[in-house]
Amino acid sequence: MPTLTFIEHNGTEHKVSADIGQSVMQAATFASVPGIPADCGGACACATCHAYVDEGWLARLPAPDSTENDMLDCAFERRDTSRLTCQVFITEELDGLVLHLPASQF
């Protein structure tokens with residue numbers, strides 16, 4: 001079972017176990033990680049599951065599709081490493097994935 005690390009804007013770390021095929025957003029919300037309200041429930045219809053992928057992991061993820069890219073324009077403080085966690089799905093290769101959470105989703 002892969003493990004993900006979420007780092008809040010204040011440096012607090014949360015290690016979360018995730019199931020293969022599950023979205024990163026689901027893993028975070030099931031583990032009650034603060035800072036990911038996921039208002040649309042994973043439908044890629046909001047940007048409240050926004051996170052910054054750690055630089056060392058960015059190349060291991062597929063690029064965002066056009067829908068995610070458009071929705072990321074609504075994200076607070078979008079960066080080159082921004083992703084919507086509802087659109088990133090867990091694989092064995094993502095064991096150890098590190099994501100940084102923004103100070104706010106709104």
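**Close-up views of a predicted model**

Pro-102 touches His-9, His-50, Ala-51 and Tyr-52, leaving out residues up to four places away in sequence; touching, or contact, means heavy atoms within 4.5 Å. This is a predicted model, in which local features need pLDDT of at least 70, side-chain atom pairs count only at pLDDT 80 or more, and totals for chains, interfaces and linings use all residues. Residues are numbered from 1 along each chain as its sequence is written, and side-chain values use heavy atoms, with hydrogens and water left out.

**View 1. Pro-102 sits in the segment after strand 5.** Helices (H or I, at least four residues) and strands (E, at least two) are DSSP runs, numbered from the N terminus. Pro-102 has a relative accessible area of 6% and is buried. Buried means under 20% relative accessible area, exposed over 50%, and partly exposed in between (1.4 Å probe, protein chains only). Gly-42 is 60 residues from Pro-102 in sequence; their C-alpha atoms are 18 Å apart.

**View 2. Strand 3 pairs with strand 4 and with strand 5.** Two strands pair if DSSP finds at least two bridges between them. Strands 3 and 4 run antiparallel and are joined by three bridges. Tyr-52 has Ser-82 of strand 4 as its bridge partner. Strands 3 and 5 are also antiparallel, over two bridges. Here Val-53 stands opposite Leu-99 of strand 5. His-50 and Tyr-52 point one way from strand 3, while Ala-51 and Val-53 point the other way; all are buried.

**View 3. The largest nonpolar core has 31 residues.** Such a core is a set of buried Ala, Val, Leu, Ile, Met, Phe, Trp, Tyr and Cys residues joined through side-chain atoms within 4.5 Å. Those with the most contacts inside this core are Leu-4, Phe-6, Val-24, Ile-36, Leu-84 and Leu-97. Strand 1 (3-7), helix 1 (24-30), strand 3 (50-53), helix 3 and strand 5 each supply at least two residues. Helix 1 gives the most, with four. Beyond its neighbours within four places in sequence, Leu-97 contacts Thr-3, Leu-4, Thr-5, Val-24, Val-53 and Trp-57.

**View 4. Val-88 lies in the loop between strand 4 (82-84) and strand 5 (98-100).** Val-88 counts as buried, at 6% relative accessibility. Setting aside neighbours within four places in sequence, Val-88 is in contact with Gln-22, Ser-23, Val-24, Leu-61, Arg-83 and Leu-94. Ala-18 is 70 residues away along the chain, and the two C-alpha atoms are separated by 12 Å.

**View 5. Glu-68 is placed in helix 3 (residues 66-72).** Its relative accessible area is 2%, so Glu-68 is buried. Apart from neighbours within four places in sequence, Glu-68 contacts Cys-44, Arg-83, Leu-84 and Gln-87.

**View 6. Two arginines lie over ring faces: Arg-60 over Trp-57 and Arg-79 over Tyr-52.** A charge sits over a ring if NZ of Lys or CZ of Arg is within 6 Å of the ring centre and within 35 degrees of the ring normal. Arg-60 is 4.0 Å from the ring centre of Trp-57. Arg-79 is 3.8 Å from that of Tyr-52.

**View 7. The structure holds zero disulfides.** A disulfide is a pair of cysteine sulfur atoms within 2.5 Å. For Cys-40, which is in no disulfide, the nearest cysteine sulfur is that of Cys-46, 3.6 Å away. Cys-40 is partly exposed, at 27% relative accessible area. Cys-49 is in no disulfide either; the nearest cysteine sulfur, that of Cys-86, is 3.8 Å away. Cys-49 counts as buried, at 3% relative accessibility.
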